[in-house]
Amino acid sequence: MPQRTLILGLESSCDDTAAAVVLNGRQLLSNIISSQDDLHRRFGGIVPEIASRRHLEMINPVIDEALAKAGVTFGDLEGIAVTQGPGLVGSLLVGIATAKALAYALDLPLVAVNHLEGHIYANFLTGAVIVFPVLCLIVSGGHTSLLYMQDHGEITVLGRTRDDAAGEVFDKVARALSLGFPGGPILEKLAQQGDPSLITFPRALMGEEGKLDFSFSGLKTAVLNFIRREKEKGASLQLEDLAAAFQEAVVEVLVEKAFLALQKYPVRQLLLSGGVAANGELRSRMRRRLAEAGVELISPPPRLCTDNGAMIGAAGYYALRRGRLATPDLNAVSTLGFEGLQL
Ligand code: KG4
Ligand code: ZN
């Protein structure tokens, strides 16, 4: 590979149209994200049809802006990386069709990136020196997974959610309170003013039985029932305390499970990413707890925790280095999990 390898990373798996130019898998030259939050807000969640139509409108301008901001042209690129899945199939297809057309027209290698792999590689854009093996915790709107990464291309799943993802529960709770979408940042802000000790919500699978798996549906039901009961009583909900108690339950489970994984896999670094990793309380609690065990927390800045094209470009660079090329018949796989991770 050339000394200066520029990859264009494209991400359109959900409701963000994103493109970025990444140098040698490590350095961000540009990172453009066109968010659709405004479009979906009034529905309290993502409407797939609306998402794919907006991707179609935005993908070319977003790519143009990413190149312009990086100060490069199509001719400077060494490869195109695109999210293959998991995600909404109509949304994924917009990115994939665009990536295939560009790779063909520019005669460039095409790399298919698993969205979860992308979230891991956001950590490689932090400037931190990452020394394998490491543990990775991905907490997003669609996933909550604990992984052991021995090297590029060598990832073992240690645990995952058995039902809802942590981010999904943030979104559902915010929706039940008519607070808007996405729920994570809104609830985090409220929680800063609240007292988490006034309400106790359940923490699931904390014993031996669940080991490194997660379960958040019981917490979701408990919070939604609490809201319903308080409304029925005509009580005025203390939103700040509710948000703080809910966030506390999520953070505690995530920190404890990461700690449990460390006892079995004594690594020196833990990589925390995915949309929920933008949460300040989670980051600071995780950092403090890991420091007690002499483990370094690596986590991307919030803008690289949520979906972006840069993480796809970074993952694409390392995949390309190992010769992992996609063929022109590349298709979207909406359910692609870690089992489908071609490393
Ligand atoms: O990684 P991401 O952008 O998309 C998926 O791959 O799912 O994650 C989006 C999720 C949403 O559920 C959103 O509510 C959550 O990340 N999120 C947060 C915060 N910022 C985003 N959750 C908690 N605290 C935040 N500050
Ligand atoms: Zn994501």
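## Strand S6 and its partners

S6 and strand S7 (residues 144–151) pair in the antiparallel sense over six bridges. Strands here are DSSP runs of type E with at least two residues, numbered from the N terminus; two of them pair if DSSP finds at least two bridges between them. This is a predicted model, with pLDDT of at least 70 needed for local features and 80 or more for side-chain atom pairs. Residues are numbered from 1 along each chain.

A hairpin of four residues links S6 to S7. Val134 stands opposite Met149 in S7. S6 also runs parallel to strand S9 (residues 269–273), joined by four bridges. There, Cys136 stands opposite Leu271.

## A covered strand

In S6 (residues 134–139), six of six residues are buried, meaning under 20% relative accessible area with a 1.4 Å probe, protein chains only. Val134, Cys136 and Ile138 point one way, while Leu135, Leu137 and Val139 point the other way. In a regular strand, side chains alternate between the two faces of the sheet.

## The zinc site

His115 (NE2), His119 (NE2) and Asp307 (OD) coordinate the zinc ion (ligand 2) at 2.0 to 2.1 Å. Donors are N, O and S atoms within 2.8 Å of the metal (3.2 Å for Na, K and Ca). The donor residues follow the spacing H-x3-H-x187-D.

Both histidines, His115 and His119, lie in helix H4 (residues 115–121), four residues apart, about one turn of the helix. A helix is a DSSP run of type H or I with at least four residues. His115 counts as buried because its relative accessibility is 6%. His119 is buried too, at 1%.

Conventions: Chains lettered and ligands numbered in written order. Heavy atoms only, no water. Buried < 20%, exposed > 50% of the residue type's maximum accessible area, 1.4 Å probe, protein only.
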